Amino acid sequence: MTITRDIPALVENLISKLKRRQVIGSWSVSTETLLVLRQVISVSKWNNVRALLDDIAHIGHRLVTAQPQELAVGNIVRRVLHMIREEYKVHLKELEEDKDGQNGTDSDPSTCDEASLRVGTTTSAPTVASMFTLMGGIDFTEEAMDYSRSVYTFKPTVIQEITEMIDELVNIYSNIAGHALEQINSSEIIMTSGKSRTVIEFLKAAARERQFQVIVVDSSSKKETLDLAKGLVAVGITTTIVPHAAIFAIMSKVNKVILGTHAGMIFLFARKPSYSSLIFNSNGQWWFDCCEWNSINCCCCTLSFHPCSCPYWAI
């Protein structure tokens, strides 16, 4: 794989931003990672998919090492690797179908029928990616695939798929906000803690048609608490800030607790997803115990780029 001079500069620039915390938040980190990977794929010269997969995996390891706390980096890199493998399988099937079609035009009709029947039986079943394969970034059928074959028309497909991922991230908050009315009813008292753009957009979408109150619990960062409260007040939501010590005293008046997540962990043992957990901006286990004690529903808002495997550096 031939790498131009601009690619190391792009990667080093993103690594520097991650180390200096100039790019903060799962959404910003995911978008920057996709933009860099798209630029790497479009500018670099490669003849086979194996060279492309190795180079993206190497870049992913460097990005994850630069800022291990931003778990969305590894998730985005694994999604890109998974997408390339799946598109490569589809690309090979199309080439085999075109080759069989050309050979079938000059052969015996009965032979053509048998060949087309065989192709139909082998390619009729769609390739279904399990959640474990997507989360872990590990394809155990990879040994049977030949990624060293030369491909010359594969680059536009990969670039188009990454562009669709970027468009998905742009509209991802509007998609999750569409479920707000299913969770929030009128005249309810909602409690939340920790600044989360997902929670803010979720509550703003519900406030367009429902009237409710929000109690913001003061977190360790005073600025994040004030920013969250100001964002809710700006759209007409009645917001009250309470100290952390007053949660148990007012929890009996609360109808629902809504929390934002930083990441979702899938723990893998023996090549099987054993159990999962969520990483919150605040103490999630304490909130769950409090809600269970008072029999209150707890809603966790997470996005598609939040789930990742454990260990998170396994790309």
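Predicted model: local features only at pLDDT ≥ 70, side-chain atom pairs only at ≥ 80, totals over all residues.
Me: Which residues of α11 are buried?

Reply: Start with the general idea. An α-helix has 3.6 residues a turn, so residues three or four places apart point the same way. Now the case here. Thr 225, Leu 228, Ala 229, Gly 231 and Leu 232 are the buried residues of α11. Looking down the axis of α11, you find these buried residues within an arc of 160°, so they line one face of the helix.

Me: What do the buried residues of α11 pack against?

Reply: They pack against β1, α10 (197-207), β2 (213-217) and β3 (238-242).

Me: Which residues are exposed on the other side of α11?

Reply: Lys 223 and Lys 230 are exposed there.

Me: Now salt bridges. How many are there?

Reply: The general idea is simple. Side chains of opposite charge can pair when their charged atoms come close. The cut-off used is 4 Å, from a side-chain nitrogen of Lys or Arg to a carboxyl oxygen of Asp or Glu. By this rule the model has seven salt bridges.

Me: Which residue pairs with Arg 62?

Reply: Glu 12 does, with N to O at 2.2 Å. This pair links distant parts of the chain: Arg 62 sits in helix α3 (residues 49-66) and Glu 12 in helix α1 (residues 6-19), 50 residues apart. Arg 62 is partly exposed, at 33% relative accessibility. Glu 12 is also partly exposed, at 38%.

Me: What parts does the salt bridge of Arg 79 and Glu 168 tie together?

Reply: The two side chains meet with N to O at 3.5 Å. Arg 79 belongs to helix α4 (residues 72-104) and Glu 168 to helix α7 (residues 155-170), so the bridge ties together parts 89 residues apart in sequence. Arg 79 is buried, with a relative accessible area of 17%. Glu 168 is partly exposed, at 32%.

Me: Where do Glu 188 and Lys 256 lie?

Reply: These two form a salt bridge, their closest N and O atoms being 3.5 Å apart. Glu 188 lies in the loop between α9 (180-183) and β1 (189-193), and Lys 256 in strand β4 (residues 256-269), so the pair ties together parts 68 residues apart in sequence.

Me: Is Lys 256 buried or exposed?

Reply: Buried means under 20% relative accessible area. Lys 256 has 7% relative accessibility, so it counts as buried.

How values were computed:
Residues numbered from 1 in each chain as written. Heavy atoms only, no water. Helix = DSSP H or I, 4+ residues; strand = E, 2+ residues; numbered from the N terminus. Buried < 20%, exposed > 50% of the residue type's maximum accessible area, 1.4 Å probe, protein only. Arc of directions from axis to C-beta. Contact = heavy atoms within 4.5 Å.
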